[in-house]
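Subject: Structure handover

Hello,

Here is the structure for you to look at. Please open it alongside this email.

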Amino acid sequence: MYGKMHSACLYGIEGVMIGVEIDLANGLPQTNIIGLPDSAIREAVERVRAAVKNCGYRYPQQRITINLAPADLRKEGSAFDLAIALGILITSGQVVMPSAKEVLFIGELALDGSLRPVSGVLPMVEAARKNGFKAVLLPEGNAAEAALISGINIYAIDHLRALVSPEEPQSNSAMDIKGSDEQYQLNGRDSVEKPSISTLPFPVSVSKGMDQNERPPVLVLSLEHLKYTPIYGTSEVSSCAMNEMMDDYSDVLGQQHVKRALTIAAAGMHNILLMGPPGTGKTMLIKRLPSILPKLTESEALEVTKIFSAAGTLKDAHNGLLRSRPFRSPHHTISAAGLIGGGGIPKPGEVSLAHRGILFLDELPEFSRNVLEVLRQPLEDGVVTISRARASFTYPAKFMLAASMNPCSCGYFGSGLSQQHCTCSPARIAQYRAKISGPLLDRIDLQVDVPRPKEWGRQGHALSSAEMYAAVMAAQAIQAKRFKRLPISWNSELSGASLRRYASLSREGAELLYDILENLGLSMRAHDRIIKLSRTIADLEGVQDITSAHLAEAVQYRNLDRQVMTEE
């Protein structure tokens, strides 16, 4: 007796279809799972056995072999429980499901037959839709998340008994079974005990060649009564109240040049570093960056939501796809694996959770140098590749790096205050800043000084988030039109031929930039990043051509590249 069901697992952040093959043969009763399962999958044997019996079904006393195909791909997690249980019931003839080949089964079983939600459902359901599946059967706890994928039917249950009767729970003491109480011959197979099935809301299948009074009842599953209709919740907080709760740049006194730099960074998704004494507002300024960033597009929202689903951190799927850009702020004690991703079972790290959003590293030199160095590849390539002995996983990591730091270890170098004079020697200052390597600093487009405000009471007009957001959206609209036929969205993603085409310099501008690079000793990577930053500055002004003024402003943001390590 052979049967096949379909389930799925995660490979990185992508769903992979897995065939769950069931073979029942004569022999000593035992159950084996093959196909490179992990410990959680091997333990599914006991979970499924208990769940099947506790729901009133019969667990076959035969030699059961369960193969997870493809056999050369390592499988992890507990999402196969439901497929294994139904596969055994269907193969043993206790359940008939004509549409099983078109349905994906996901879910973890408890010993009493109830279903528990699993992580990573969103990419699994998306993969099912791409592979032509028409429906997914999964736990109710995952239904809202699965319903975020359109074009596929979602069926949700909270217990294995829900497949028997949607109205009343199954009970061995309340049965409506036709036929004798003896053992029966089912579809020409070996004799089996009469299945315990309560009153059915569905038609009962008929085994050909058997007398009306001798056929056992076999449940024919129809999933229509289990169909899930997504109802997304709405926030009870009014939009006015939400606006009052959000942090606004109008709260920041002064620092107009820093707000200008942050507007440029948000308009082109450029990396930014703020440097200044303690208490000048560096952290406050960066934490307000999400208020001036555009919302995620439909494709970006699905991409980001899939990452959070794979990481098991998607908590509020009832409100639909994530629409706000991620803002991740890990502590400086984070490990390299926590930042970049990895572990025994590789999971997305902070750089992937910040995909299409912001990764904020407060007090940058306090992070371990080894941790900071792993940022080089994702900052350049936009992806993270984690290699293991059996597999290699690639996670997306296109994010804006926003960081802050003090000018020295005591924090008061260049503050200009006699009461708080810097006590660090030049060697100590150089040692402190050396924690940030040159190659990493080279990848940060804007390096901005944040001095202490001098006039607390007379600041004049404070630039607000609404004004900065309007400027960012205007620049983003220009970029969207420019890159509508390219797989990029921001000026910071330009490279190679696209950089020469969309950010070309006049002869005068090219000569100016060459002189600047020679005088400051900047790298060719800095050369390209200055051009991309100039392109964003020109977009903010709504002009087509990059002028010398745009280049000059972009160069002056390379602050640490040209700063002399001596205190005035």
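Below are notes on charged side chains. Keep in mind that this is a predicted model.

Start with the pairs. Side chains of opposite charge can pair when their charged atoms come close. A search of the whole structure finds 25 salt bridges.

One of them joins Glu-126 and Lys-306, with N to O at 2.8 Å. Glu-126 sits in helix α4 (residues 121–130) and Lys-306 in helix α9 (residues 298–311), so this pair ties together parts that are 180 residues apart in sequence. Are the two partners buried or exposed? Glu-126 has 7% relative accessibility, so it counts as buried. Lys-306 is buried too, at 8%.

Next, find Arg-328 and Glu-350. Their side chains meet in a salt bridge, also 2.8 Å from N to O. Arg-328 belongs to strand β15 (residues 327–328) and Glu-350 to helix α11 (residues 350–353), so the bridge ties together parts 22 residues apart in sequence. Arg-328 is partly exposed at 22%, while Glu-350 is buried at 14%.

Then look at Glu-373 and Arg-376. The closest N and O atoms of this salt bridge are 2.4 Å apart. Glu-373 counts as buried at 19% relative accessibility. Arg-376 is partly exposed at 31%.

Salt bridges can also share partners. Glu-380, Asp-442, Arg-443, Asp-445, Arg-525, Arg-529 and Arg-558 are joined into one network that way.

Last, the surface. Lys-481, Lys-484, Arg-485 and Arg-501 form a positive patch there. Lys-481 lies in helix α16 (residues 465–482). Lys-481 is exposed, with a relative accessible area of 64%.

Best wishes

Conventions:
Residues are numbered from 1 along each chain as its sequence is written. This is a predicted model: local features need pLDDT of at least 70, side-chain atom pairs count only at pLDDT 80 or more; totals for chains, interfaces and linings use all residues. Side-chain values use heavy atoms; hydrogens and water are left out. Patches are made of residues with over 30% relative accessible area and no salt bridge: like charges are joined within 9 Å, nonpolar side chains (Val, Leu, Ile, Met, Phe, Trp, Tyr) within 5 Å. Accessible areas come from the Shrake-Rupley method with a 1.4 Å probe; for residues, only the protein chains shown count as cover. A salt bridge is a side-chain nitrogen of Lys or Arg within 4 Å of a carboxyl oxygen of Asp or Glu. Lys and Arg count as positive and Asp and Glu as negative; His and the chain ends are not counted. The place of a charge is taken as NZ of Lys, CZ of Arg, CG of Asp or CD of Glu. Helices (H or I, at least four residues) and strands (E, at least two) are DSSP runs, numbered from the N terminus. Buried means under 20% relative accessible area, exposed over 50%, partly exposed in between (1.4 Å probe, protein chains only).
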